[in-house]
Every structure is written in structure tokens, then in C-alpha cells.
Amino acid sequence: MIKKTYTTHLNLENTPFQDCDPYGLLFFDIETTGFTARSSSLYLIGTVNFQGPDWVITQWFAQTPQEETEILHAFLSFAKQFSQIIHFNGERFDIPYIKEKSLTCQMPDIFSGLVSRDLFRMIRPLKPLLQLSSLNQKSLEEYLGLFRRDPYNGGELIKVYYDYSRTHSEDLLRVLLLHNYEDLLGMLSILPMLSYLPLLEGGFGILAAEEDEDTLIVRGCLPGPVPKSFSLREELFYLSCSESYFAMQISGTHQPLKHFFSDFKNYYYLPLEDTAIHKSVASFVDKQYREPAKASNCYCRRKGFYLPQYEALFTPVFKENYSDRLLYFSCKEEFTADKNALHKYVSHLLQTM
């Protein structure tokens, strides 16, 4: 078995880990010769942990498949001292693989005592917000402008490992270690992407809102800076974000809209005036100018500035037509001055992407 250690830098500010005890965190990644533990070998395990003042990368490498048990034992003995284990898509591969190998080798399951944090699952909700084409780790690194020296993927390295196990070539060893090393560094490098999450989780603040013709512009702030500016155009809004600030421009309308009354059986519709009135008032209208209201024409029109909503978040509700699924509400001065209401509205639009 070969063991390698290196030091690296890691800043946990503006991530979900910033308030955690750094001594309890363990990042890890594995390299194998296949997808199933029963028919492949585990040949490399890499970790990153805090050893103040530095973060330390540790790699355990099996020089031959027969050393698999040795590196597994070294990793399990090391990992049991931590409280959280952090990985990228490890819930689907790395952890089940290690668990099965541990069971086969009659070693303890250390994962039952660790909180598992999967960066892939944490970042996945950001895909529509950032318009990401792929969520694999390398693509996320490239989104942030980070590119690797290692040209191989894990599948391509299987043959490289078997060649190394026969020849013990130092050049091949460097190739194998570099891939895992850059996987670990890449995992650390994408942590700043988690600073976008407050937009989707409601962890942002509202600064101000203003009307601009048929648009409401809401400006807000995030707990910390995002690693890369972005903009997003959706059906109802345009969102731009840079550093610790964002602006959402929401398309509204000044066209008169209809408020539909639910108890239409208690109303009459007046075709000439294109409005519905309650029966208690309609008794004063000549019968030839009124007709029993239906659900589709039991409304009154009102002028104002209206904003869209996908559900009846704010009432009273207005529509253009009875069958429309898109709803509106009246945007008044008290709404634009209410930061809690604005926060609720911005969150609603972001969560319905």
C-alpha cells in the first residue's frame, strides 16, 4: 500500500458547512475497476480533512488488487473519528460500494455513525436556476472556469491501473493519483456553488421594490457573494445576480382584469355592461338587460397594476379569462413597501421554475 499526503486550502464561508466544526468534516472519493463491488476492485481512496491550520489530502493506494483490504482498513480506521462525511454522488456509488466491501471483508460499517452530505444532491436544485446542461462534477468545475490537467475519466483509468499493477510504473502511478487528487480538489472547488442556494431556499433579504411602467423591480441581497454572475429569463420574470445582490424584474400589466365571484348562482350578468351584480341589486335592473350568471361570466372588471402568480398567494385574485391558469393580484403601494410580502412573492416565483 502507498500512502500520500498533501496540504490544500479550503474556505467554508457562505456554504452550509461554515458553522460546522471543521475537525468533524471528512471529504472523500474512491477509484475502482468497476461499478459493482462484487466483481471489481477498490484501488484508491482519497480524503480531505482539517488539521489546523491546514486542510490535508490523504490518498491510500493499492499497488495490486490484493492490497484492497489494506487500504479499506486504513480508510475505515481513519474515518470513524469524524462526524460528517461529504462526497459527490456518493449516496449512489461510493458509500454503497464501501459498505459492500466492508461486509465482504467483515469490517465495521462506519457510515451508520456519520452524517452523509451529498454535494450532488445539494447542488441539483440549481440546475434550472443556473441553466446547467450537466450536473457531473467536471461540468460544474468548468462552469466556474476551472479545468483539470488530468485528461482521463474513471473508466479509462481501469486499464491504466491494471497496467500499473503489473509494471509498477511511476508514470502510471502519477496518472492514477492525479485523477483522484483532482477529483478531491474539484469537490472542494465547487463548494462556492452552494452560495446560490439561499435564492431557492428563501435565505435572502429584500432591499427595495419599484414600479417601472409594466414591470416591478425587486432588489435583494444574499448572505454572501456568489462565485459567478448569472442571469435567467423565465416566462414571468428576468433575474440577474452578481456578487451578493440580485434584481428580479417581474412583468405585470395595467390592463383591466376580471375578478370572478365563486357563488355565481347569487348573481346576474349584465351583457351591455359586461359585468355581474348581486341579485340583491339586480332586482332594480330590467329583466331584458340581465341574465342568470354563469361561472364564466360572473365577474367584475377593475383597473390597476397587476402582478402574476401561479397560485392564489395574494388575494383577491384576478384573471384575463375564466379558463386561464395564470392568476394575478393587485400591486399596490402597501405591497411594494412590505418586505415580508415581497420576500414571499419572489420565493414563490423562484420555486415554480
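1. Starting with the charged pairs: the count comes to 10 salt bridges. Keep in mind that this is a predicted model, so every number here is computed from predicted coordinates. A few of the pairs deserve a look of their own.

2. Glu100 and Arg38 pair up through their side chains, with N to O at 2.9 Å. On the solvent side, Arg38 is exposed, at 78% relative accessible area, and Glu100 is partly exposed, at 28%.

3. Next up is the salt bridge between Arg149 and Glu182, at 3.5 Å from N to O. Arg149 belongs to the loop between α5 (137–143) and α6 (157–167) and Glu182 to helix α7 (residues 170–189), so here the parts tied together are 33 residues apart in sequence. Is Glu182 buried or exposed? Glu182 counts as buried, because its relative accessibility is 9% and the cut-off for buried is under 20%.

4. Glu210 and Arg219 make another salt bridge, and their closest N and O atoms are 3.6 Å apart. Both ends come out as partly exposed: Arg219 has 39% relative accessibility and Glu210 has 41%.

5. A network of salt bridges links Glu141, Arg148 and Asp183.

6. Now for the nonpolar side. In soluble globular proteins, nonpolar side chains tend to be buried together. In this model, the largest nonpolar core has 63 residues. Leu129, Leu216, Phe230 and Phe335 are the ones with the most contacts inside that core. Which helix gives the most to this core? That would be α11 (residues 339–351), which contributes 6 residues.

7. Leaving aside residues up to four places away in sequence, Phe335 touches Leu216, Leu307, Phe314, Phe329, Ala341, Leu342 and Tyr345. Leu216 in that list is also one of the residues with the most contacts inside the largest core.

8. Finally, there is another core, which lies apart from the largest one and has 35 residues. Tyr43, Leu76, Phe111 and Leu176 are among its members.

Terms used:
Residues are numbered from 1 along each chain as its sequence is written. This is a predicted model: local features need pLDDT of at least 70, side-chain atom pairs count only at pLDDT 80 or more; totals for chains, interfaces and linings use all residues. Side-chain values use heavy atoms; hydrogens and water are left out. A salt bridge is a side-chain nitrogen of Lys or Arg within 4 Å of a carboxyl oxygen of Asp or Glu. Buried means under 20% relative accessible area, exposed over 50%, partly exposed in between (1.4 Å probe, protein chains only). Helices (H or I, at least four residues) and strands (E, at least two) are DSSP runs, numbered from the N terminus. A nonpolar core is a set of buried Ala, Val, Leu, Ile, Met, Phe, Trp, Tyr and Cys residues joined through side-chain atoms within 4.5 Å. Contact means heavy atoms within 4.5 Å.
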